[in-house]
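Me: I am new to reading protein structures. Could we go through one together, feature by feature?

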Amino acid sequence: MARGDEPENAVLREVWRDVLRRDPHQEFFHSDVRGVLRSIGPVLVEHPEYTDVVGRLCEPERVIVFRIPWVDDSGRVRVNRGFRVQFNSALGPYKGGTRFAPSVDLDVVKFLGFEQVFKNALTGQDIGGGKGGADVDPKALSAGELMRFCQSFATEMAGHAGAAVDVPAGDMGVGSREIGWIYGQYQRLIGYHEPGAFTGKPAVLGGSALRPEATGYGTVYFTRRMLDDQGRDLDGARVVVSGSGSVALHAMAKVIDSGGTVVGCSDSRGSVSEPDGVDVDLLREIKGQGGSVADYAEKRSGATASQGSPFTLECDVALPCATQNEIGPDEARALVDHGCWAVAEGANGPVTPEAREILREGGVGFGPGKAANAGGVAVSALEMQQAAGRERWSAEDVDAQLSTIMSDAYDRVREAADRYHGDPGDLENGANAAGFLRVAEAMTSLGVV
Ligand SMILES: NC(=O)c1ccc[n+]([C@@H]2O[C@H](COP(=O)([O-])OP(=O)(O)OC[C@H]3O[C@@H](n4cnc5c(N)ncnc54)[C@H](O)[C@@H]3O)[C@@H](O)[C@H]2O)c1
């Protein structure tokens, strides 16, 4: 919302101006707040009692910024910056991932933390929202350096994490190995076992079955419900999945499991088109050895590598699963021109606001990340439950719960879209409205705290 495009509701307008005034340069965060304020106007007409919570909801409860000193393999002392934004704990302990990437700054972490508040609410579980990370490129570090880095990160986080306080998980650049190292240092510092304090741990340390798969699988479960409502399904569909990391590889596997063909993928170095279908096992193997999608394409006669976006390829379904701002106006127009049925965000913020508008006008279904990629955090919350009960659930059990959670989230979003925005297919407004309703009820019940 530019100044001339402010909310009509006087309270929302005031909140928006405060957000801009306090942090004028946080554009990712502004963009997300803008979307939410747009969506909740009609909710406040029905629930004026929730008006008071909006200002508090847009201000994190706590922001922790810290120094991460570590020693590299040559003996040189290096310094990075770490972040944890404890955004909202009305529904439960703060819960959200940890991102290690050079692009991490306070704007990105606040944006992701704000998203997380709504996402977690949509899962129906009792978890608040938070996010953290550090401005480091883990790919540039040796394993020894990365372990020391994780230990330094954990030393600072130890005073802020805890099973009933804040439960970090992984995100880009942070997998189960790194969470194991972070948890190891945390446990050493506190002096006892507290497996519920971190999720996404290796299985041997109490990590949940299916946690690595959960976000990708969940995105596909959500997409299937979207297609169902269009009278379509993934069987026989051509699907582009961007990225080839944790979310993307598992989304690809579930697409193939559902009868679809993955006709394109990418990584930070380029993209690949393969009309006959990407071989996910081979791609995983090559990526696991540090290779790129271009290295993969060299091994496949039907695959073509390029430097362009994978979203200009012809496809029926697009699942952006890499990073933010992958689908801008050009990619959105290509998707509309190719008659794409649906786009669902496996990544956080991969579709820009302008692109979302183009998709909407072009009649392409849109599943916002707040809902579509909630599967990861949902299984993280199941990992917390298993830790609390000292239990281990099977992959089948977790998968069944994940599928139900994603389906329920879809219903919640669709119902709110219909009720407050008069269009059951407007899942973006629906996700914001449904998430807001749950958090606002909890915040109101807690009083002004
Ligand atoms: N891991 C989770 O459980 C989880 C949960 C919810 C949302 N997400 C979101 O999903 C996205 C991916 O997370 P991940 O855990 O798979 O990370 P990851 O580090 O395992 O993989 C990221 C992938 O994106 C690719 N990539 C990075 N920048 C790119 C660019 N500019 N263009 C094309 N490809 C690029 C990388 O090469 C890699 O293949 C992130 O937005 C993350 O916040 C992850």
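Me: Into which domains is the protein divided?

Reply: Keep in mind that this is a predicted model. The division gives domain 1 (3-57), domain 2 (62-193) and domain 3 (213-363). Between the C-alpha centres of domain 1 and domain 3 there are 32 Å.

Me: Where does helix 2 bend, and by about how much?

Reply: A bend is read as the angle between the axis before a residue and the axis after. In helix 2 the bend is at Ile40 and comes to about 40°. A proline, Pro42, follows within four residues.

Me: Is Phe29 buried or exposed?

Reply: Count the other C-beta atoms within 10 Å; 20 or more makes a residue buried. Phe29, which sits in helix 2, has 24 of them, so Phe29 is buried. Other buried residues of helix 2 include Phe28, Val33, Leu37 and Leu44.

Me: Which helices do the buried residues of helix 2 pack against?

Reply: They pack against helix 1 (10-22), helix 4 (106-122), helix 15 (395-421) and helix 16 (427-446). Separation along the chain is another matter: Phe29 and Glu115 are 86 residues apart in sequence, while their C-alpha atoms are separated by 9.1 Å.

Me: How do strand 7 and strand 8 run, and how many bridges join them?

Reply: In a regular strand, side chains alternate between the two faces of the sheet. Here strand 7 (residues 261-267) and strand 8 (residues 270-273) run antiparallel, joined by four bridges. The hairpin between strand 7 and strand 8 passes through two residues, and Asp267 is opposite Gly270. Strand 8 also runs antiparallel to strand 9 (residues 304-306), with three bridges; one pairs Ser273 with Thr304.

Me: How many residues surround the ligand, and which are the closest?

Reply: The ligand has 23 residues around it, and the closest are Gly245, Asp267, Ala322, Ala347 and Gly376. Strand 7 and helix 8 (246-257) each supply at least two residues of this shell. Helix 8 gives the most, with three residues.

Conventions. Residues are numbered from 1 along each chain as its sequence is written. This is a predicted model: local features need pLDDT of at least 70, side-chain atom pairs count only at pLDDT 80 or more; totals for chains, interfaces and linings use all residues. The bend at a residue is the angle between axes fitted to the seven residues ending there and the seven starting there. A residue is buried if 20 or more other C-beta atoms lie within 10 Å of its own, exposed if 12 or fewer, and partly exposed in between; C-beta atoms are placed from the backbone. Two residues are in contact if their C-beta atoms, placed from the backbone, lie within 7 Å. Domain bounds come from an automatic or database domain assignment. Two strands pair if DSSP finds at least two bridges between them. A residue is near a molecule or strand if its C-beta atom, placed from the backbone, lies within 6 Å of it.
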